[in-house]
Amino acid sequence: MDNRRITIEPITRLEGHGKIEIFLDGQGVVERAYFQVPELRGFEKFAQGRPAEDMPQITSRICGVCPTAHHMASTKALDALYQVTPPPAARKIRELIYSTFFVEDHALHFYFLGGPDFVVGPQAPAAERNVLGVIAKVGIETGQKVIAMRRRLRELMVLAGGKAAHPVFGLPGGVAKPLTAEDAARFREVASEAVEFAQFTLGIFEKVVLQNSDYVDLILSDAYTHRTYYMGMVDEKNQVNFYNGMLRVVAPDGKEWAKFKPDQYLDYIGEHTEPWTYMKFCYLKGIGWKGFSEGADSGVYCVAPLARLNAAEGMATPQAHEAYLKYHATLGGRPVHHTLANHWARVVEMLYAAERMQELANDPELIDPDVRTLPTAVPREGVGVVEAPRGTLFHHYKTDERGIITSANLIVATQNNAARIAMGVEKAAKKLITGGQVPEGLLNMVEMAFRAYDPCLGCATHALPGSMPLMVQVRDPRGAPLAVLRRDSDGSIHRE
Amino acid sequence: MLKANGDIRIGVYVCHCGTNIAAVVDVKALAAYSATLPNVVVSREYKYLCSDPGQDMIKQDILDLKLNRVVVASCSPHLHEQTFRNALASGDLNPFFLQMVNIREQDSWVTTDKPAATQKAQDLVRAAARRVAFNESLERGRIPINPAVMVVGGGIAGIHAALTLANAGKKVYLVEREPTIGGHMAQFDKTFPTLDCAACILTPKMSSVKNHKNITLWTYSEVTRVDGYVGNYKVKVKRLPRYVQEDLCSGCLECLKSCVFKEAKVPDEFNMGLAKRKPIYIPFPQAVPLVPVIDPETCIQFKSGKCKKTCIEACGDRHAINLQMLETTEEVEVGNIILATGFKAFDAKRTPDYGYGLYPNVYTALEVERLVNASGPTGGEVVLRDGRTPQTVGIVHCVGSRDENTNRWCSRVCCMYSLKLAHLIKEHTGAEVFNFYIDMRTPGKGFEEFYQKLLNERVHFVRGRVAEVTDWAMDPSEENKLVIRVEDTLAGLVRRIPVDMVVLSTGLEPQADAEQVRRMFNITCASGGFFLERHPKLAPVSTFTDGVFLAGCCQGPKDIPDTVAQAGAAAAEALALIDAGFVLTEPNAAYVLEEVCSGCKTCVPMCPFSAVEFLLEEKKARVNPAMCKGCGTCVAACPSGSIHQHLFEDQQIFEEIEGILTNA
Amino acid sequence: MKPKVAFYWCASCGGCEEAVVDLDEKILDVANAVDIVFWPVALDFKEHNVEAMPDGSILASFINGAIRNSDQLKMAKLLRAKSQVVVAFGVCAQLGGIPGLANLSDAKGIYAEVYKDGVAPERLHQDNGHSLSLPEFYDTVVELGRVIDVDYYVPGCPPTPKIIGAALGVLLGSDLPPKGTVLAPDQALCEECPRKDTRPEKLLLKEFKRVHQVVADQQTCLLAQGLACLGPGTRAGCEAMCPRGNMPCTGCFGPTSRVRDYGAKALSALASVIDSDDEAEIARILDALPDPAGLFYRYSLPSSFLGRRRME
Amino acid sequence: MPETFEPKIVAFFCNWCTYLAADLAGTSRIKYAPNTRVVRVMCSGRVDPQFILDAFAKGADGVLIGGCHPGDCHYQEGNYKMLRRFALLKRFVKQMGIEDERLRLEWISAAEGERVKTVINDMVDKLRALGPRVPVSQKEVA
């Protein structure tokens, strides 16, 4: 039979080039699409033999885009490992740095990476679909505003965390150094700018996206909709929390399916390996791995902004909560199954993070000089979990009595989403490829299918200025190309 | 990073050393192989490279073939490196462009496997050829020598060294810890084997020290700090207050007579406590300087402040006595230092089996020296502590010597002074004298003859280490006697010999503070704690610190003739340096690349010679080439590679390693 | 016509890309000064777009990340051919970086650890009739200079904006430094460290401390506090960010030009401050440095003399 | 391992003790295995760990460092400095899978020619038993 193959590579890099293989049946109908991650670095292995206290700095190198998330998860794992509780000031400094990081990272994605899809528009020439395009659309001073905001946020991260990329502040039982009154003042200043900035961004999203029915239809379209489970971290009021809390899983119907302490994660989350990719796929153990399928019977679940807002019942800060309500009202209530809604959810979270920054920066306890509780217990095992911008992040260490790592288990954010991303890609492909015809739109559409997740599979990272040339080859079984489609960086599409 | 810059032209020279090398290493093959190495312009083998024709050959090649590097594969560099450096110099090539390959001591002489030996030689020559390309032209600096010398210790060694130097017209500072010079020798009665009176030969030298214009004598003083390096030492000396001013005292000793203590009550150190002295005293009649000392421990004025101070009255308008005297510090600059700090007699209490301190009639040799001395506590009468005159005396050798439990070394002088004491006791008392020895050691001029003399005098010799001295009588003959239990290894039986008096021939030990002293002077102690000489045979009075020399028993037990000889040698070594006028700096000194040094200070504590200084202005390290001994420890420690070492640059050593391991 | 430049990443974390974005406003100037023709993170040309370019048509390629699999090796060689200048950007490309710690194990060991459930990725796999391939996963991670000729190095994990700015300045300038130059100061970090003056002249330690065991004073030299700060052996340029953050330097800027094996020298220097002549006591003191490989070679194992652990 | 395997040992001997001891072994005509290649340094304290690791990287089967006995260092304490480095270096090379027998530090005084023989022969025997070492820096890449 005429078994044809479509190869798309490289797509946005996920630990090396992500790669999509699409196989068509005799009728030219998509039979199967594979989403491959062809790189692995093996942190779990070479963590072994390292002193636990070095892990926050070593594991931050899993990802240079969200190093603070790894640093924080790792540091919390060390708290658990040494059974120490950081002094209040330390705990607040950590969450302050973390909130600062969230605003910065979400802003980066919205303006530099995912945002262009909408702000500039999916149909716009690819060459414009990047931060420069965004600037063109929203105005140069806005563009500078974005860049300046990011710089100020990064400066704060250096001020409090030593470095912005690969910070060094995390220690079991606290942070490396206290904050001074001047530092706090600086944070207060930037925090209020951040809140204003987040509101401004929300404004842009509403103006540019929500007031454009095409975009709304796109967001709601079936091609980008999956009815899966959702997981996110919540506080005691079931409100979104990035730094600490319980993990809550809601079913496709929005009902709470599970709520558990982070250190129980192994009872709930399993990892499935496919021999054709280096990435492992997470699933809910209670339901089991049923392949790449959606619905209540499949263990596939989803994390990150969309999932967090689904798994929570509100936001812990007033302005963000307001935005949260509007978001659900507009998209037909919890849970929202539309992948592209991630972009909106992300901005809502940006606002929350900014407000949280402000709360913490104004907390008098923040500048207490006591920021360390020295460990005394004999280390054995510790789990640390945070919500990274791209989803729930698990660090789990076991050590010998000297605190030397004997085993490390790391579940990075996007891994939770891996199955759903793969499904998204296949669904988009199936929707758009019929009778062997490969329409130009396929390329952008497929691209958007995974970019919405802002996938950062442990150092997977993003497309910066968003023009992404892609190529689709349609080959016969002997591998000879039947058709080649290329979109070059200038956005022009060629059929060869 | 240094470069093998310009065009490198190497000459390789393989020495046969007669058959010493050629019989095992295939020298022809080696030379042929060497010719194939990069940058090698010429490669020759020759019967004796160290011979004049051999050296001329190298010189001619340098001139004719414009060689700028030379590799000599022959014996150990310790033997002929200087020879061949001179050969280079004679060809107007900087001597440090030489690299030697040791294919004799470390190759042909240590294996019989000819192919392996040849292979080894090839590897080493290959390494040398790579290394030598990176050798640099070096000049050695000159450090001027301050002609003044400090002598530490005023015993016979220090006295003789000081006089030798002073007589040669050199300024000498002689520092003695005790109130008088003279040391142990002053305590001796006679000296073996000639039996001439110790005082008679010593005291003239003591007074000439006192009167010598080139000698500054500081008694009752100690060195507290030494800085600097050969030719330029700065020494701090602490001078204790003796409460009698040397410059004012005439030595009339009226003050002693007039002391409120009519009877002397204080145990007299010089007489080993066998006599008493007053709080104001002179150690012994011929003391130098002849200036009394007041011992504040026992002086009423110092203890209660309620003394009539009759001594001050007695001194009258000389006002030499000054109870307000304070400790002072002198600082002097000298070019050389001679250590003559002497020894400490073994403490006999450490061998309890011999009953010293338990039985009053057990004496140490030094005590007996005082007993038999005419000017001693008993005026030369050998009377026991209980007043009796001994009829039988046992002299126990090797107390605190040749003994696993105390000191392992032989103290060298005990056999002879035991014989001397045996003779003197017999002479003074007519008593029967037993010597208990392990081995009789009489290696010295007139020593063995002296031994024979004692045998003729019917002194008893029992070979065997004494087991114990006890007062436990087993039969009437042993009543009120000390019984010496010993295995007579010649008779092959255990004997009990009752005696009235036991003399313990105690051995010689390093001074109690030898360790502090060695640190202060930056020298080494050998196992046992005596100061270590630079070479046991070829540099017996030098130390590893240039300009610091050893004399007398601080270097190891020895008798007076050896001590004096060594003192003379030490003085001569110092004179040699002084008259040369300068010393050369080490060619292999370390140096800091100051422009790239980050001032991390890692190197500073690495240097045992304080040659690495931290410049507070520049915040960088600097190596003082005069003080650097060229060990390279700081170089290996420098984390940023900012300290280098001439002759042992990283690059040169990496090249050598590479050369050894890469089969060209 | 603006000079063409390319960015590429191998086994790395993306931090080097973030570092470029950290140029902030300056990034717009850079975008104006040069024509970026390849940047997977940004502009996803396919490999063959590069293949199509004439050799040497790219002025400079900035490659970050270590070489860990066959794709990366292929791409590195391709870019070398197309570029006049190759810059190893960041410590992973310069010395191997954190991914290089994998050289303490090998592919087998890593698979066994990561894929515990027995199923493991295969280079070629048939999934019900669909043949899928993955690049070869090497046993040994190597730094860029080991597989291609590298002209310049930009150190750091990641390089700081200041260092990147200076490096770009040099490269776009008229007179290029000698090949192999590391584009950063050639002194050790102490030079830039605000704590420099507080280190005693003769620092000797009877005890090392691990970072979690002590509350470090914010002014005093960290080494003087017993913490294994590697600043003395690490190239300056970061302005002592970690010490300013009250944590010891871990050496991400690598060695100065005068040191060939970063870890060996750092090890030598650290051992030099031990204040004991007694083997048993020395052993006890060293127990506070439980992981020499991870401490001294955290960023440079692949480029070190030994390179990797002996293959089992 | 081939029967004929002859290990190559790079030795760093201090100028004042061990190098002289090796000379003494020669003048005493003591015979020992010809497997060592001596690099002379002034003091064991000069031995930079870089030299040792470089020797291994370049293919040495073993590395031997010889210094003066504790207390007898010509430079007073250089051998102690080496001892401290060595203790730490040992822990590192162990992590790198280099067998204990391959790296050795010995105190050999200028008087101990016999000991040079004992140490070298013993080391050579042990390395023969271990067999050749693939230099770990040989990469399968590139």
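How far apart do the C-alpha centres of domain 2 of chain B and domain 3 of chain B lie? I looked this up and noted 34 Å.

**Conventions.** I am working with a predicted model, in which local features need pLDDT of at least 70 and side-chain atom pairs count only at pLDDT 80 or more, while totals for chains, interfaces and linings use all residues. Residues are numbered from 1 along each chain as its sequence is written, and chains are lettered from A and ligands numbered from 1 in the order in which they are written.

**Domains of chain B.** I listed domain 1 (10–138), domain 2 (254–318), domain 3 (344–509) and domain 4 (590–646); the bounds come from an automatic or database domain assignment. Where domain 2 of chain B meets domain 3 of chain B, the contact takes five residues from domain 2 and seven residues from domain 3 (contact: C-beta atoms, placed from the backbone, within 7 Å). On the domain 2 side I found four nonpolar, one polar and no charged residues (Ala, Val, Leu, Ile, Met, Phe, Trp, Tyr, Cys and Pro count as nonpolar, Asp, Glu, Lys and Arg as charged, the others, Gly among them, as polar).

**Chain B overall.** I noted 17 helices and 34 strands (DSSP runs numbered from the N terminus: helices H or I, at least four residues; strands E, at least two). Of the 664 residues of chain B, 52% count as buried (20 or more other C-beta atoms within 10 Å of the residue's own, with C-beta atoms placed from the backbone).

**β22 and β23 of chain B.** I found β22 (residues 432–437) and β23 (residues 460–463) of chain B running parallel, joined by four bridges. One residue pair I checked is B:N435 with its bridge partner B:F461 in β23(B). Helix α13 (residues 447–456) of chain B carries the chain from β22(B) to β23(B) in a right-handed β-α-β crossover (clockwise from the first strand over the helix to the second, with the strands pointing away from the viewer).

**Chain B against chain C.** I looked up this interface and found 17 residues of chain B in contact with 21 residues of chain C. The chain B side has 10 nonpolar, six polar and one charged residues.

**Sheet in chain C.** I read an open, parallel sheet of five strands in the order β2-β1-β3-β5-β9 (strands pair if DSSP finds at least two bridges between them). Strands β2 (35–38) and β9 (152–154) of chain C each have a single partner strand, so one side of each has no neighbour in the sheet. Three bridges join β1 (residues 4–9) of chain C to β2(C), and C:K4 has C:D35 as its bridge partner in β2(C).

Notes
Buried ≥ 20, exposed ≤ 12 C-beta atoms within 10 Å, placed from the backbone. Contact = placed C-beta atoms within 7 Å.
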